[in-house]
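Good morning, colleagues. Please keep the sequence and the model in view while I speak.

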Amino acid sequence: MKWNSGQPELEEECCAYLKGREVFGRLLKGFWKKYESYGMFTGTVELRNLTEQEREELEGFFGKNFHGKKSVSVSAAKFRKAWENSRFGEISPEKVLEIYFNKKPEAKREEKRLYKQMWKKILKQAEEETAGTPAVVWIENLEEVLEKGVRSDVLACSQEIYRYLKKRCGESRDSEQEIRKQVLLVVRMINALPYWSGNVEYQAVFAAKVTGNPHAFDRGEQDSALLGLILNWFASRNQSRKNSSRKESSHPNQNIFPALRTQKLYLHAGILKDDVSNYTTVFGIRAWKEDGKLHQGISGYLEEEEAVQVSLASIARWERVECREKELVLVENPSVFSVLCGKWKGTRSCMCMNGQPRLSSLLLLDLLARSSVRIYYAGDFDPEGLLIAQKLKQYYQGEMIFWHMTSQDYDQAMSKETISDRRLKMLERITDPGLLPAVERMKEEKRAGYQEKLISLYTD
């Protein structure tokens, strides 16, 4: 095989000859694909819908009449013979491919092997540079994926990061520098997770620390997708570690509130996506922090018999919660909550959901379930309110009882507000037996009911 002709001038002239004739572009692309498949210059390329100019170029090269033909099949053997009889015959067909495409042809199998080998080299260097850090676990996971394939959830998450980086950087060995850069970014992101130091910090602070740009992980930014994959890997890793010292989510009904899954995923790694607007309001509870110490601030509000808005950042650091009589009344409406707190000083515990559940509220429900707290839930009588009630009962891992949410309670809470047919269709999603009597009455009356009209029942 004449791989290197050693004649630069002849090669330049050859390249100009090939580039100046359109038909060679089509022909050599076909043989390039054959080479990728078989690892040699072989096979047959079919040229369809030939133009008059392309036919003339083929006739000049092969010395054969192609007049009137729309399609022509060219075998590697015929091309090689015609090429050897040309003035560029000293240059092998394999070298022709290299000259035309400005890179050596390789079989895809070999190219994939060399690409994987490059990845292993990059990971080995990264492993040596980051020895003793948390990111080494991810590197080891990915090395195992490249060597043995996927055999567990955590390895599957490692593979997802690998696939993302391949797509982002390119799947050729020319992308080695960019791949190395991105692998080091993953290492920095993993090692910088606040979880390792037992802290919780805002996403913008985390982003600035890792990349220098506080908006690097904002929704829609390129690195935001990468962070999401890393957090999936992190959650899977911790889930598989039975001796993990920190609370991990293994909630069987975590898909009930899908909009909060991402926030929860971030929070488990110590990152707050939204804290200022993510709070819950409680009354009459005690809380213990992760170090086992009583939360003095919450205890102070208990002693003063006052309600308190608690942020997501604070609840994320709680280990345990206790309520009076191991019971808690959970209401949807803030004004109803305020009335109940005033009436129940020193006797009961209460919590306000205030519309759609936030992550802070769900985390508190998880803590309450661990303490075997019985919850009495009361909400509004409209399609949205009943759906919230059903989802909360499905989510809560302890005992939850619907409180004053019967058909008779609906009659007393009924307002003059008409429910549209579109909203009434939402009631078809209610399946809990405890809510169905009220649902049937609501379908008949087509009116919403609000819990403010039931305050006298609540306080009786």
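I shall speak about backbone angles, then a set of strands, and finally salt bridges.

The model is a predicted one: local features need pLDDT of at least 70, side-chain atom pairs count only at pLDDT 80 or more, and totals for chains, interfaces and linings use all residues. Residues are numbered from 1 along each chain as its sequence is written, and side-chain values use heavy atoms, with hydrogens and water left out.

Let me begin with the backbone. Most residues other than glycine have a negative phi. Asn-102, which is not a glycine, has a positive phi near 60°. Where does Asn-102 lie? Its place is the loop between helix 5 (93–101) and helix 6 (108–129). Helices here are DSSP runs of H or I with at least four residues, strands are runs of E with at least two, and both are numbered from the N terminus. With a relative accessible area of 71%, Asn-102 is exposed. For that term, exposed means over 50% relative accessible area, buried means under 20%, and partly exposed is in between, with a 1.4 Å probe and protein chains only.

A second case is Lys-326, whose phi is positive at about 55° although the residue is not a glycine. Lys-326 sits in the loop between strand 8 (318–323) and strand 9 (327–331). Its relative accessibility is 47%, and Lys-326 therefore counts as partly exposed.

Strand 9 leads us to the strands. Strand 9 pairs with strand 11 in the parallel sense over five bridges; two strands pair if DSSP finds at least two bridges between them. Within this pairing, Leu-328 has Ile-375 of strand 11 as its bridge partner. Strand 11 covers residues 374–378, and four of its five residues are buried. Which strand pairs with strand 11 over three bridges? That is strand 12 (residues 400–402), again in the parallel sense, and there Tyr-376 stands opposite Ile-401. Together with helix 17 (residues 383–395), strands 11 and 12 make a right-handed β-α-β unit. Right-handed means that, with the strands pointing away from the viewer, the path from the first strand over the helix to the second runs clockwise.

I turn now to salt bridges, defined as a side-chain nitrogen of Lys or Arg within 4 Å of a carboxyl oxygen of Asp or Glu. How many are there by this rule? The count comes to 27.

One of them joins Glu-98 to Lys-95, with the closest N and O atoms 3.3 Å apart. The two residues are three apart in helix 5, and so are separated by about one helical turn. Glu-98 is buried at a relative accessible area of 16%, and Lys-95 is buried at 6%.

Another salt bridge brings together the side chains of Lys-121 and Glu-176, at 3.0 Å from N to O. Lys-121 lies in helix 6 and Glu-176 in helix 9 (residues 176–191), so the pair ties together parts that are 55 residues apart in sequence. Lys-121 is partly exposed at 40%, as is Glu-176 at 22%.

Arg-441 and Asp-411 also meet through their side chains, at 2.7 Å from N to O. Because Arg-441 is in helix 20 (residues 436–445) and Asp-411 in helix 18 (residues 407–413), this pair ties together parts that are 30 residues apart in sequence. Finally, salt bridges that share partners join Glu-327, Arg-348, Arg-374 and Glu-399 into one network.
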